[in-house]
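Here's a quick briefing to read alongside the model. Have the viewer open and follow along.

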Amino acid sequence: MSSWYCTSCGYVYNEEAGHPREGFPPGTAFADVPDDWPCPDCGVRDKVDFEPVVVDA
Amino acid sequence: MEAHAEHAHHHHHEHVDVNPAEWTDGKRYAWLLGIVVPLSPFFAWFYWSLTGVGAFWFIGPVLVFVIFPLLDMAIGMDSTNPPDSVLKFLEQDRYYRWCTYVFIPIQYGGLVFACWMWSNGDLNVVESIGLALTMGVVGGIAINTAHELGHKRASSEKWLSRVALAQTGYGHFFIEHNRGHHVKVATPEDPASSRLGESFWAFLPRTVIGSLRSAWGIETTRLDRLDERHFSRHNDLITAWAMTVVLFGGLALVFGPVVLPYLLVQAVIGFSLLEVVNYLEHYGLLRQKREDGRYERCLPEHSWNSNNVASNVLLYHLQRHSDHHANPTRRYQALRHVNEAPQLPTGYAGMIVLAWFPPLWRRVMDPRLLAHYDGDVTRANIQPRKLGRVLERHGRPA
């Protein structure tokens with residue numbers, strides 16, 4: 001499971017957690033989030049502008 | 001395993017290593033003046049009791065539409081910014097939050113007091129209308145407080161935002177503003193971005209109806225994803241409007257149905273005050289469409305700003321509007337003046353009054369907008385119905 005962050009405000013979409021309030025239950029793949037879904041915190045950037053979070057082992 | 005996101009600065013446990021002694025906030029205690037407006041019905045009562053002059057019940061509109069524009073002219077501007085190094089320290093200082101929280105109990109204390117005056121207070125009709133206008137101004141300024149709170153991530157602040165909106169029945173604002181306006185700002189698709197050639201009086205019904213429809217669309221899309229019915233307690237619009245119904249119903253039960261017409265008048269005045277501020281924030285400004293069909297990102301050049309001190313204190317730095325659109329979750333005390341942002345000739349308070357008189361508005365603002373686009377009117381957001389006339393007046397010969 002991986003995460004993507006909003007390049008404007010830093011909100012992180014984590015696939016494990018999803019965003020239940022927005023209708024993305026835990027485990028919802030980021031690929032299944034609609035492209036025009038705006039950042040739920042700032043609304044400045046859309047899903048397609050999000051960048052993957054780099055994970056160190 | 002540790003996750004990094006370069007910008008993931010909202011995951012609260014960051015160490016703040018700024019020496020706050022390096023810088024002092026000149027506006028720190030000025031923010032307390034934000035409660036002057038919700039206190040205004042009490043001021044009105046005090047001076048009316050003292051002098052017997054009924055005109056004091058009109059104190060709210062006089063304060064915001066006369067005294068604050070004059071204060072802007074007298075006090076002038078302040079474009080100083082907190083240095084980047086203290087922004088985080090400034091944002092985490094809870095004092096500034098309490099300045100906004102305290103607004104809400106005073107707001108509702110005033111509303112209950114107003115209902116008591118309308119029902120038992122020995123006011124004549126003109127005085128009662130004056131009090132309704134004053135409460136409308138309080139309700140409109142309360143939308144500004146709700147705006148500050150509604151952008152925050154904490155659910156407690158989002159809830160306070162909805163409470164502050166109940167007085168004007170504008171509970172849909174916290175959805176439409178954050179998820180609609182901020183996404184579509186300065187495009188023809190945004191009901192709350194005004195257009196060149198569009199008067200405030202044409203904008204008002206378009207934004208009121210358009211924002212309502214947009215909010216409903218955003219919320220029902222969310223409910224569809226959740227597989228919930230549109231008309232249910234899961235609908236944040238319905239629960240927000242229910243707060244208003246309960247509030248007005250409760251006040252009518254306690255004080256009698258005589259308060260209802262005044263409550264309705266003050267609600268309309270209140271949300272119209274918000275909408276006139278919407279009118280002047282993005283007048284004629286347009287984000288260009290990129291080759292892939294999406295709009296360019298909202299930039300500082302897409303909002304009208306002002307550094308007038310009096311209006312900035314009244315409205316929690318709302319006039320530093322470009323920084324607000326770049327960083328919507330940033331707290332008001334940390335918003336910055338941006339050099340590239342187009343500047344209004346005076347503060348929002350004075351511009352509100354100007355907006356009520358479309359010929360004056362056009363005379364002041366259209367040349368500024370045109371100058372902002374280096375004389376190229378085609379780069380502006382133009383009212384479609386007025387396109388021919390605007391091009392005829394301002395267009396360059398081909």
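Start with helix 1 (residues 36–51) of chain B, which bends by about 35 degrees at Phe42(B); the bend is the angle between axes fitted to the seven residues ending there and the seven starting there. Helices (H or I, at least four residues) and strands (E, at least two) are DSSP runs, numbered from the N terminus. This is a predicted model: local features need pLDDT of at least 70, side-chain atom pairs count only at pLDDT 80 or more, and totals for chains, interfaces and linings use all residues. Residues are numbered from 1 along each chain as its sequence is written, while chains are lettered from A and ligands numbered from 1 in the order in which they are written.

**Around helix 1 of chain B**
- Its buried residues are Val37(B), Pro38(B), Ser40(B), Pro41(B), Ala44(B) and Trp48(B); buried means 20 or more other C-beta atoms within 10 Å of a residue's own, exposed means 12 or fewer, partly exposed is in between, and C-beta atoms are placed from the backbone.
- Those buried residues pack against helix 2 (59–75), helix 5 (103–120) and helix 6 (125–150) of chain B, with a contact being two C-beta atoms, placed from the backbone, within 7 Å.
- Just after helix 1 of chain B, Gly52(B) has a positive phi of about 75 degrees.

**Chain B overall**
- Chain B has 16 helices and one strand.
- Its radius of gyration is 22 Å, close to the 21 Å from the globule rule for 398 residues, so chain B is as compact as a globular protein of that length; the radius is taken over C-alpha atoms, and the rule is 2.2 Å times the number of residues to the power 0.38.
- Buried residues make up 46% of the 398 residues in chain B.

**The core**
- The largest nonpolar core has 97 residues, and Leu165(B) and Leu280(B) have the most contacts inside it; such a core is a set of buried Ala, Val, Leu, Ile, Met, Phe, Trp, Tyr and Cys residues joined through C-beta atoms within 7 Å.
- Helix 11 (residues 259–281) of chain B gives the largest share of this core, twelve residues.

**Confidence**
- The average pLDDT of chain B is 94, and 94% of the residues score at least 70; pLDDT is the predictor's confidence in each residue, from 0 to 100.
- Residues 1–15 of chain B fall below 50 in pLDDT.
- Where pLDDT is low, the predicted coordinates should not be read in detail.
- For the complex, the predictor gives an ipTM of 0.93 and a pTM of 0.93.
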